[in-house]
Amino acid sequence: MKSLKQYRKATVLVHQGEDRDPATGAAAIPIYQASTYHHSGGAPGNFDYARSGNPSRQQVEDAIALLEGGVRGFAYASGMAAIGSALSLLRSGDHLIAPDDLYGGTYRYLTMILPEQGIEVSLVDQTDPQRVEDAIRPNTRAILLETPSNPLFKVTDIRVMVEIAKRHGLLTLIDNTFMTPLLQRPLQLGVDVVIHSATKFLGGHSDLLAGLSTTADPELAKRLKRFQNGFGAVLGPFDSFLLARGIKTLQVRLAAAEKNAQLLAGRLKDHPAVADVYYPGLPEARGRKVHFAQATGSGAVLSFTLKEKEGVAPLLQRVRLPIIAPSLGGVETILTHCWSMSHAAIPAETKQQMGIGENLLRISAGIEDVEDLWEDLSEGLRDTG
Ligand SMILES: *Cc1c(COP(=O)(O)O)cnc(C)c1O
């Protein structure tokens with residue numbers, strides 16, 4: 001029989017790890033709401049205690065490994081738990097190089113928590129490989145990547161980063177949340193650990209928090225497993241079930257959302273109130289060539305700046321359809337004011353330096369009818385600019 005690995009991605013999404021419950025034949029893996037498992041005759045079976053493993057969680061861990069091409073997957077209670085757990089590969093005294101334009105929560109972790117644990121962090125513009133080379137010190141251990149970046153869609157060349165890392169014996173880790181395994185598969189480009197906030201596209205319905213990671217290296221997998229079990233920030237059975245359910249429709253959701261994002265990006269670019277639009281799908285996007293050498297799509301998130309920051313408040317008051325919130329990747333359109341929401345953790349001055357102004361907005365396109373979305377946004381932008 002064909003192993004699931006041999007099928008194409010849309011098929012893997014639907015069939016995941018186990019395509020039916022081995023115990024009962026159920027079409028969906030049930031919510032195994034149990035903390036421990038009977039050791040028949042005193043010997044453990046496949047599962048012994050739920051922190052170490054649970055069939056509902058196993059399903060999404062297998063799914064991410066299959067989708068990214070890893071040897072095993074790990075599911076956590078949130079994307080940040082996945083990132084923090086992956087960074088447990090570093091030790092006190094190590095130095096980490098990370099992007100200077102990155103998810104606000106990761107910024108907080110790297111600048112406030114890791115240094116307290118004795119890990120030094122340099123935030124550098126990774127779109128310039130020379131700056132990354134220059135930042136390498138004798139104690140540098142790893143490079144963390146996020147491309148395209150959030151919210152400015154700066155593109156880092158993954159292959160070049162892997163080449164630099166290998167030359168210096170460094171680990172590479174990437175936050176692949178924006179692209180999903182359908183559009184970008186970093187393990188195939190030589191990255192060591194891939195991380196997702198599954199809260200976003202993989203879950204897809206704004207109804208759960210989850211994080212996933214995977215690696216193609218069996219040794220790293222062992223260390224990640226040890227930390228996952230030891231630290232215990234695992235994904236619970238119910239959220240695992242929701243995530244497995246969300247993953248099944250990722251391909252159709254993402255295709256519809258990406259189409260909407262492309263249309264909205266094009267129209268926003270021509271709108272008189274709008275100064276700039278950041279979206280890899282636009283012909284003039286910075287780093288577009290590099291992006292499409294490592295990814296097969298533009299994704300469903302875009303950012304734009306208003307000519308006048310005074311236009312932000314009326315826009316947020318007038319729009320009816322988008323949920324105004326810090327998140328992305330749901331079936332519903334999400335409008336984010338990065339300054340006060342997703343990147344609130346970053347000091348104002350630093351945000352300015354990063355190019356995140358008060359006039360910057362981010363849209364995660366949902367799968368609504370795009371004409372309704374556009375009418376709504378146009379109404380919100382009326383008389384501004
Ligand atoms: C949301 C997000 C995270 C954090 O994930 P949580 O599930 O909220 O903990 C990390 N990276 C990126 C790119 C994100 O969008």
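Reply: Let's begin with a term: a contact means heavy atoms within 4.5 Å. Among contacts in the protein between residues at least 6 apart in sequence, 71% join residues at least 24 apart.

Me: Thanks. What should I know about the model itself?
Reply: This is a predicted model, in which local features need pLDDT of at least 70, side-chain atom pairs count only at pLDDT 80 or more, and totals for chains, interfaces and linings use all residues. Residues are numbered from 1 along each chain as its sequence is written, and side-chain values use heavy atoms, with hydrogens and water left out.

Me: How many helices and strands does the protein have?
Reply: There are 14 helices and 12 strands. Those are DSSP runs numbered from the N terminus, with helices being H or I of at least four residues and strands being E of at least two.

Me: And why call it as compact as a globular protein of that length?
Reply: Because its radius of gyration is 21 Å, close to the 21 Å that the globule rule gives for 385 residues. That radius is taken over C-alpha atoms, and the rule is 2.2 Å times the number of residues to the power 0.38. Along the principal axes, the C-alpha trace spans about 75 × 50 × 35 Å.

Me: What share of the residues is buried?
Reply: Buried residues make up 54% of the 385. Here buried means under 20% relative accessible area, exposed means over 50%, and partly exposed is in between (1.4 Å probe, protein chains only).

Me: Okay, on to the ligand. Which residues are closest?
Reply: The closest are Gly79, Met80, Asp175, Thr199 and Lys200, out of 14 residues that surround the ligand. To be near, a residue needs one of its heavy atoms within 4 Å.

Me: Which polar side-chain atoms come up to it?
Reply: Asp175 has one 2.6 Å from a nitrogen atom of the ligand. On the ligand's oxygen side, a side-chain N or O atom of Thr199 is 2.6 Å from an oxygen atom, and Lys200 places a polar side-chain atom 2.7 Å from an oxygen atom. The protein buries 94% of the 380 Å² that the ligand exposes when taken alone; these areas come from the Shrake-Rupley method with a 1.4 Å probe.

Me: Which element gives the largest share of that shell?
Reply: Helix α3 (residues 79-86), with three residues.

Me: Is α3 mostly covered or mostly open, then?
Reply: Mostly covered, with seven of its eight residues buried. Among them are Gly79, Ile83 and Ser85. The buried residues pack against several elements, including β1 (72-76), α4 (104-113) and β5 (171-175).

Me: What caps its N-terminal end?
Reply: Ser78 does, with a side-chain oxygen 3.4 Å from the backbone nitrogen of Met80.

Me: Switching topic: where is Asn54?
Reply: Asn54 is in the loop between α1 (9-15) and α2 (55-68). Asn54 is buried, with a relative accessible area of 3%.

Me: What does its side chain reach?
Reply: The Asn54 side chain makes a polar contact with the side chain of Tyr37 at 3.3 Å. A polar contact is a pair of N or O atoms within 3.5 Å; within protein, one must be able to donate a hydrogen and the other to accept it, and residues adjacent in sequence count only if both atoms are side-chain atoms. The Asn54 side chain also reaches the backbone nitrogen of Ser56 at 2.7 Å.

Me: Last one: is Thr180 buried or exposed?
Reply: Buried, with a relative accessible area of 1%. Thr180 lies in helix α7 (residues 180-183).
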